[in-house]
Amino acid sequence: MVQADEGEGRESLVSRHISVSAAFEDSAEIAEARDLARSFLTDVQAVHGLPVSERAMGMVQLVVSELVTNARKYAPGPCLLTLEISDGAIEVTVWDSEPVLPTARATDPDRVGQHGLEIVMAVSRSIEVHREPVGKRIKATVVLADDPGGDIAGRLV
């Protein structure tokens with residue numbers, strides 16, 4: 001995994017770009033992608049003071065896991081994961097080298113597996129899929145403080 005951070009320290013979120021990116025080259029690194037998402041959101045809350053609900057923490061890790069798993073399974077070469085804070089939400093973007101765009105399959109209670117895109121669509125505020133000059137880019141947006149019970153992950157500093 002290769003990682004790059006932007007937006008360290010305490011400054012106004014309006015003037016700061018808060019993001020992290022990492023490249024993943026094999027399936028063994030999927031757990032590292034989930035860990036990166038949890039660590040990033042923990043820092044967003046502790047360093048920048050943005051509330052992150054327990055539900056959002058779990059949903060972001062699920063989205064990261066599904067998107068990175070699909071990239072590693074269906075695309076040759078590495079994939080790039082970017083997590084970025086924007087308007088009270090986190091944008092989870094995964095780029096891979098496979099140009100074929102994913103499609104959600106019709107509901108089939110007998111189908112085992114291949115529900116990843118359906119899951120991502122169900123837990124995200126929005127999802128975008130774009131073909132790139134090389135490969136494709138999928139961006140899913142998850143709201144940070146969306147827990148109806150108001151439970152916040154960790155503690156605010």
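This is a predicted model: local features need pLDDT of at least 70, side-chain atom pairs count only at pLDDT 80 or more; totals for chains, interfaces and linings use all residues.
The chain contains three helices and six strands. Read along the sequence, these elements follow the order β-β-α-α-β-β-α-β-β. Of the 157 residues of the chain, 39% count as buried. The accessible surface of the chain amounts to about 8400 Å², and carbon and sulfur atoms account for 53% of that surface. When contacts between residues at least 6 apart in sequence are considered, 61% of them join residues at least 24 apart.

The largest nonpolar core is made up of 35 residues. Within this core, the residues with the most contacts are Phe40, Val64, Leu81, Leu83, Ile90 and Val92. Two or more residues of the core are given by each of strand 2 (19-24), helix 1 (30-48), helix 2, strand 3 (79-86), strand 4, helix 3 and strand 6. Helix 2 supplies the largest share of the core, with nine residues. The surroundings of leucine 83 were examined with its neighbours within four places in sequence left aside. On that basis, leucine 83 is in contact with Ile18, Ser19 and Val20, with Leu36, Ala37 and Phe40, with Val64, and with Ile90, Glu91 and Val92. Among these partners, Phe40, Val64, Ile90 and Val92 are also listed with leucine 83 as the core residues with the most contacts.

Helix 2 (54-74), strand 4 (89-96), helix 3 (116-123) and strand 6 (136-143) are the elements that give two or more residues to the lining. With six residues, helix 2 gives the most to the lining. Sorted by class, the lining holds eleven nonpolar, six polar and seven charged residues.

Glutamine 45 lies in helix 1. The relative accessible area of glutamine 45 is 4%, so this residue is classed as buried, the cut-off being under 20%. The C-alpha atom of glutamine 45 is separated by 9.8 Å from that of leucine 144, although the two residues are 99 residues apart along the chain.

Aspartate 87 belongs to the loop between strand 3 and strand 4. With a relative accessible area of 72%, aspartate 87 is exposed, because the value is over 50%. The phi angle of aspartate 87 is positive, at about 50 degrees, although the residue is not a glycine.

Proline 99 is found in the loop between strand 4 and helix 3. The relative accessible area of proline 99 is 39%, and the residue is therefore partly exposed; this class takes in values between the cut-offs for buried and exposed. Not counting residues up to four places away in sequence, proline 99 touches Arg131 and Gly135. Between the C-alpha atoms of proline 99 and alanine 75 the separation is 8.6 Å, and these two residues are 24 residues apart along the chain.

Notes. Residues are numbered from 1 along each chain as its sequence is written. Side-chain values use heavy atoms; hydrogens and water are left out. Helices (H or I, at least four residues) and strands (E, at least two) are DSSP runs, numbered from the N terminus. Ala, Val, Leu, Ile, Met, Phe, Trp, Tyr, Cys and Pro count as nonpolar, Asp, Glu, Lys and Arg as charged, and the others, Gly among them, as polar. A nonpolar core is a set of buried Ala, Val, Leu, Ile, Met, Phe, Trp, Tyr and Cys residues joined through side-chain atoms within 4.5 Å. Buried means under 20% relative accessible area, exposed over 50%, partly exposed in between (1.4 Å probe, protein chains only). Contact means heavy atoms within 4.5 Å. Accessible areas come from the Shrake-Rupley method with a 1.4 Å probe; for residues, only the protein chains shown count as cover.
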